[in-house]
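Trainee: I am new to this structure. Please show me how to read it.

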Amino acid sequence: MELRRKAIPLTEIRDMWLHKNKMQVTSCRKEALRCLKRSDLIESLAKNLPVGSIRFGCQIVAVELDPLSSFPILYANDGATIKAKVLIGCDGSNSVVAKSLGLQAPKVCPISAVRAFTSYSDGHSFDSHFIRLSGDGVLLGRVPVDEKLVYWFVSVLCPSQDVQKDHELIKKVTLETLKEFPTEVIEMVKHCDSSSLSLTHIWYRAPWHLFFANFWQRTMTVAGDAMHVMGPFLGQGGSAGLEDAIVLARCIVQEMPMGPEGATSDREMVKRIGRALSKYVNERRLRIMRLSTQSYLTGSVIMASSWVKKLVCLAILIVFLRSGSLSHSNYDCGSL
């Protein structure tokens, strides 16, 4: 896929605080920021792959290493067996590949996230502003996708499992959470696209677990949420996954410039891929540890019931923000 670097118009980002049913701006700045649908991104990536590259409806339930070749063997829920030369687990927070590597299970936050799109047939009046509104222990984010579509998210206390499956109950819980918020916020939630409405638990890997984790073995590794699932407080989870892809591809090409055909034997291929995966993990570890730590601290400031813990986390967070509140997003992982 050809990527072209363009000058992106700056988006105004407003941090706001809710006080007596009114939104007060606490900080304002401009950054190169855009919101897009995940489905559009996936479709764009998928259509540039060779036909047959993607196998739909295939859920992996177990992974093991072939004792003879050391290559991964994957077992699917339909009974199929897949023998691979290289396995990159991008299977999310409940990753089967991560488990096979011995990674500790992610932890769950005491809050959940409600996400949805709201469409305005006559257009909305939010310009291109991205707002983060805090109040009464609730965090709301809102950012326009285009002139008529708005994406929003709200943090809510973890409800029962039954609520997660019922769109009307999700909307009811969200409206109850936002009852003290301005009318424009209430209306946005009331008229959201119910098919896009979701409520999910927030999972994360503790920063200290990332420091000691073994992210690769032989020709098997992980990327994306399977490697570094974190809370949505920084909005960098998807971006970090794309960084993983670029760094991993670069490391593999450096070790195997001729592709699989360049290896004279399976043993040599395992050795070369192992070196590539080691480089990849070493390059990514500090980056994902910083993101994970900053996300953990930000979430703690929002969720902690103790003011002492809030102040301690805020003090540590200030150290991370010395070079700017969005310095974590100004990161260059290099080129392919």
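Mentor: Start with the domains. The protein chain splits into domain 1 (1-38 + 108-203) and domain 2 (58-106 + 205-329); the bounds come from an automatic or database domain assignment. This is a predicted model, where local features need pLDDT of at least 70, side-chain atom pairs count only at pLDDT 80 or more, and totals for chains, interfaces and linings use all residues. Residues are numbered from 1 along each chain as its sequence is written, and side-chain values use heavy atoms, with hydrogens and water left out.

Trainee: How many residues of domain 1 are in contact with domain 2?

Mentor: Contact means heavy atoms within 4.5 Å. Here 12 residues of domain 1 touch 11 residues of domain 2. The domain centres, taken over C-alpha atoms, lie 27 Å apart.

Trainee: What area is buried between domain 1 and domain 2?

Mentor: Interface size is often given as the accessible area lost when the parts come together. Buried area uses a 1.4 Å probe and is summed over both parts. Between domain 1 and domain 2 it is about 980 Å², with 72% from carbon and sulfur atoms.

Trainee: Which elements give two or more residues to the domain 1 side?

Mentor: Strands E2 (22-31), E7 (107-119) and E11 (198-204) do. Strands (E, at least two residues) and helices (H or I, at least four) are DSSP runs, numbered from the N terminus. E7 gives the largest share, five residues. That side of domain 1 has eight nonpolar residues, no polar ones and four charged ones. Ala, Val, Leu, Ile, Met, Phe, Trp, Tyr, Cys and Pro count as nonpolar, Asp, Glu, Lys and Arg as charged, and the others, Gly among them, as polar.

Trainee: How many salt bridges cross the interface of domain 1 and domain 2?

Mentor: A salt bridge puts a side-chain nitrogen of Lys or Arg within 4 Å of a carboxyl oxygen of Asp or Glu. Across this interface the rule finds zero. The whole structure has 13. One of them joins Lys85 and Asp266, with the closest N and O atoms 3.2 Å apart. Lys85 sits in the loop between strands E5 (81-83) and E6 (87-89), and Asp266 in helix H9 (residues 266-303), 181 residues apart.

Notes
Buried area = accessible area lost by both parts, 1.4 Å probe.
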